[in-house]
Amino acid sequence: MKELSERSGVPVPSIKYYVREGLLDHGERSGATQARYDERHLERLRLIRILREVGDVPIARIAAVVRAVEDADLPLNDLLATAHHALGPDPQPDTSDDARAAVLGHLRAKGWNVSEVAPSVAVLAAALDAVRSSWGIPVGPEVFDGYADAAFAIAETELSTVDPTPGRSATVQQVIVGTVVFEQALVALRRLAQEHHSHRRFGAGSGL
């Protein structure tokens, strides 16, 4: 286990915890106090580490991803959906049913094939509720269409770069890293662009 820890970068206590939680198989016994671990264990630890450190995914959700990876009969699309849903965010309990139905119906009308239980559906519905409350008018989800069209193009480009040939676990790792890292970059770039356009429109010399 010490060698497995050194190769994976995961501390021994964490490895023991993952074994207890069923996220990692026991190694093959090679002595009274020793066990032999192989590349399968190393690959699984890499996946768990990425989910924990990059995705900040709770253990219970990691277990769901691990089960999906091990289910060879589960289509790759469903596996990736499980990984995406594991990233969260947490459920939005105060979101109105009307906003959820409106968001889901609008996306499907645009041709998007999305699950009604996807956490991001609830997030978008909560955003719609917030816009309606702030503006005081009954706007529909089309208010987000400019963002939706941009997101659609970005997602299409991102998924085109995913290489499934290394295997299910490695594919999940690609998607998790790509989603989390580039999502952070997207938010940062949007805010920097807003700063740029704010200087142009409201800065010194703008006449305002």
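Modeller: Start with Gln173, which sits in helix α9, spanning residues 168–202. Keep in mind that this is a predicted model. Is Gln173 buried or exposed? Its relative accessible area is 14%. Buried means under 20%, so Gln173 counts as buried. Which residues does Gln173 touch, once neighbours within four places in sequence are left aside? Gln173 is in contact with Glu43, Arg46, Leu47 and Ile50.

Next comes helix α3, which covers residues 39–54. Arg40 has its place in this helix. Exposed means over 50% relative accessible area. Arg40 comes to 51%, so Arg40 counts as exposed. The side chain of Arg40 has a partner: a polar contact of 3.3 Å joins it to the side chain of Asp25. Arg40 and Lys16 are 24 residues apart along the chain, and 16 Å separates their C-alpha atoms.

Asp56 has its place in the loop between α3 and α4, the latter being residues 59–70. With a relative accessible area of 60%, Asp56 is exposed. Look at the backbone here too. Asp56 is not a glycine, yet its phi is positive, at about 55°. Most residues other than glycine have a negative phi, and most peptide bonds are trans. The peptide bond from Gly88 to Pro89 is cis, with omega near 5°. Pro89 lies in the loop between α5, residues 76–86, and α6.

How do α6 and α7 meet? Their axes come within 8 Å and cross at roughly 115°. The crossing of α6 past α7 is right-handed. On the α6 side, the contact is made by Asp98, Ala99, Arg100, Ala102, Val103, Leu104 and Leu107. On the α7 side, Val121, Ala122, Leu124, Ala125, Leu128, Asp129 and Arg132 take part.

Pick out Arg132 from that list. Arg132 lies in helix α7. The side chains of Arg132 and Asp98 are joined by a polar contact of 2.8 Å. Leave aside neighbours within four places in sequence, and Arg132 still contacts Asp98, Ala99, Ala102, Ile137, Pro138, Val139 and Gly140.

Now turn to the aromatic rings. How many aromatic pairs does the structure hold? There are two. One of them joins Tyr17 and Tyr18, with ring centres 6.0 Å apart and planes at 50°, so this pair is tilted. Tyr17 is partly exposed at 31% relative accessibility. Tyr18 is buried at 10%.

Trp112 and Phe152 also form a pair. Their centres are 5.6 Å apart, the angle between the planes is 35°, and the pair is again tilted. This pair links distant parts of the chain, with the two residues 40 residues apart. Trp112 is in the loop between α6 (97–109) and α7 (119–135), while Phe152 is in helix α8, residues 145–160. Trp112 counts as partly exposed at 21% relative accessibility. Phe152 is partly exposed too, with 44%.

Stay in α8 for a moment. Ala150 lies in this helix, and at 39% relative accessibility Ala150 counts as partly exposed. Ala150 and Ala193 are 43 residues apart in sequence and 15 Å apart in space, C-alpha to C-alpha.

Then return to α9, where we began. Arg190 is found there.

Finally, check the confidence. The chain averages a pLDDT of 90, and 95% of the residues score at least 70. Where is confidence lowest, and where is it highest? The lowest mean, 72, belongs to strand β1, residues 28–29, and the highest, 96, belongs to α6. Where pLDDT is low, the predicted coordinates should not be read in detail.

Notes: Residues numbered from 1 in each chain as written. Predicted model: local features only at pLDDT ≥ 70, side-chain atom pairs only at ≥ 80, totals over all residues. Heavy atoms only, no water. Helix = DSSP H or I, 4+ residues; strand = E, 2+ residues; numbered from the N terminus. Buried < 20%, exposed > 50% of the residue type's maximum accessible area, 1.4 Å probe, protein only. Contact = heavy atoms within 4.5 Å. Polar contact = N/O pair within 3.5 Å; in protein donor to acceptor, adjacent residues only side chain to side chain. Phe/Tyr/Trp six-rings, centres within 6.5 Å; stacked < 30°, edge-to-face > 60°. pLDDT = per-residue confidence, 0-100. Axes fitted to C-alpha atoms, helices over the stretch in contact; angles between N-to-C directions. Left-handed = near helix turned anticlockwise from the far one by under 90°.
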